Amino acid sequence: MRVIGLSLVISYLSIGTVRAQVGEYRNDFAVGGGGGVTLTTVNFQPKVPQDQYQGRMFGLTMRYTGEKYFNSICSVVAEANLAQVGWKESILDKEDQPVMRIDADIPERYERQLTYLQVPVFARLGWGRERRGFQFFFQVGPQIGFLKSEKTKKNFDIELRNSEKRTSQVIAQDTMAVEHSFDYGIAGGVGVEFSHPKVGHFLLEGRYYYGLGNLYGNSKRDYFAISNMQSIIIKLSYLFDITRTKNSKIK
């Protein structure tokens with residue numbers, strides 16, 4: 001939580017500092033939405049072998065642009081997204097081959113889908129065209145999340161798992177519901193935006209999220225010492241202007 005607080009302070013001070021300098025004033029407000037894919041793993045300790053869990057996300061976006069300082073276009077971005085994250089276990093034997101079910105000639109599969117309401121707030125810097133053309137941008141800031149639901153997908157009976165063949169015997173997570181419904185961390189990404197005054201703004205972004213909270217308790221009495229999430233997000237968004245600064249020099 002201290003890291004998120006520090007990020008908010010840095011974002012606020014950075015924007016305040018920019019506004020205090022001699023820059024080009026902006027008062028642009030845009031709203032819209034977007035969606036994309038999430039690629040997530042959970043950093044379990046003890047370790048749980050995994051492949052990336054692929055999910056979907058979509059939501060709303062608001063952006064306020066307050067200044068252009070030298071060549072940097074300074075904005076604050078807030079989002080509210082529904083995102084599918086989780087983990088997908090890689091169940092292998094000592095020869096790195098899939099472990100087969102005891103009662104059928106098919107590989108064992110297990111994954112957990114977690115659906116969150118995620119709220120990131122970004123300090124954003126952009127370089128390029130604002131009204132007509134392309135702009136490159138970088139943004140970073142804190143993110144909080146609220147667990148809405150969780151769902152398990154597996155193709156074997158928990159009590160009949162093929163334990164003898166598995167290289168990993170860490171299985172506690174298979175039957176444990178998530179204990180902490182509140183998640184928090186840091187997100188950041190880079191992207192490109194195409195704008196047209198009559199159409200709006202189209203954005204393509206790659207983003208990384210590092211969770212600072214744990215899914216499960218991490219005291220000495222708990223099984224997992226660490227259980228935080230990490231996600232890669234590919235997102236496509238569309239924004240339209242609500243207010244736009246009247247300045248013919250803005251390109």
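**Close-up views of a predicted model**

View 1. The structure is a predicted model, in which local features need pLDDT of at least 70, side-chain atom pairs count only at pLDDT 80 or more, and totals for chains, interfaces and linings use all residues. Residues are numbered from 1 along each chain as its sequence is written, and side-chain values use heavy atoms, with hydrogens and water left out. A pocket is found on a 1 Å grid over the protein atoms alone, as an open set of points where a 1.4 Å probe fits, with protein on both sides within 12 Å along at least five of seven lines. The lining of the second largest pocket consists of 13 residues, and Asp51, Glu89, Ile91, Glu108 and Arg109 lie nearest the centre; a lining residue has an atom within 4 Å of a point. Strand S4 (72–89) and strand S5 (110–128) each contribute at least two residues to this lining. Strands are DSSP runs of E with at least two residues, numbered from the N terminus. By class, the lining holds six nonpolar, one polar and six charged residues. Here Ala, Val, Leu, Ile, Met, Phe, Trp, Tyr, Cys and Pro count as nonpolar, Asp, Glu, Lys and Arg as charged, and the others, Gly among them, as polar.

View 2. Strand S1 (residues 24–45) runs antiparallel to strand S3 (residues 53–69), and 15 bridges join them. Two strands are said to pair if DSSP finds at least two bridges between them. Within S3, Met62 stands opposite Val31. S1 also pairs with strand S9 (residues 226–243), again in the antiparallel sense, over 17 bridges. In S9, Ile232 stands opposite Leu39.

**View 3. Salt bridges.** The whole structure contains 12 salt bridges, each being a side-chain nitrogen of Lys or Arg within 4 Å of a carboxyl oxygen of Asp or Glu. One of them joins the side chains of Glu24 and Arg26, at 3.3 Å from N to O. Glu24 counts as partly exposed because its relative accessibility is 41%, whereas Arg26, at 1%, counts as buried. Buried means under 20% relative accessible area, exposed over 50%, and partly exposed in between (1.4 Å probe, protein chains only). Asp103 and Arg101 form another salt bridge, their closest N and O atoms being 3.0 Å apart; Asp103 is exposed, at 55% relative accessibility. The side chains of Asp241 and Arg244 meet in a salt bridge of 3.4 Å, N to O. Asp241 has a relative accessible area of 28% and is therefore partly exposed; Arg244 is partly exposed as well, with 37%. A network of salt bridges links Glu79, Glu205, Arg207 and Lys235.

**View 4. Thr65 and its polar contact.** Thr65 belongs to strand S3 and counts as buried, at 6% relative accessibility. Its side chain makes a polar contact of 2.8 Å with the side chain of Ser75. A polar contact is a pair of N or O atoms within 3.5 Å; within protein, one must be able to donate a hydrogen and the other to accept it, and residues adjacent in sequence count only if both atoms are side-chain atoms.

Methods: Helices (H or I, at least four residues) and strands (E, at least two) are DSSP runs, numbered from the N terminus.
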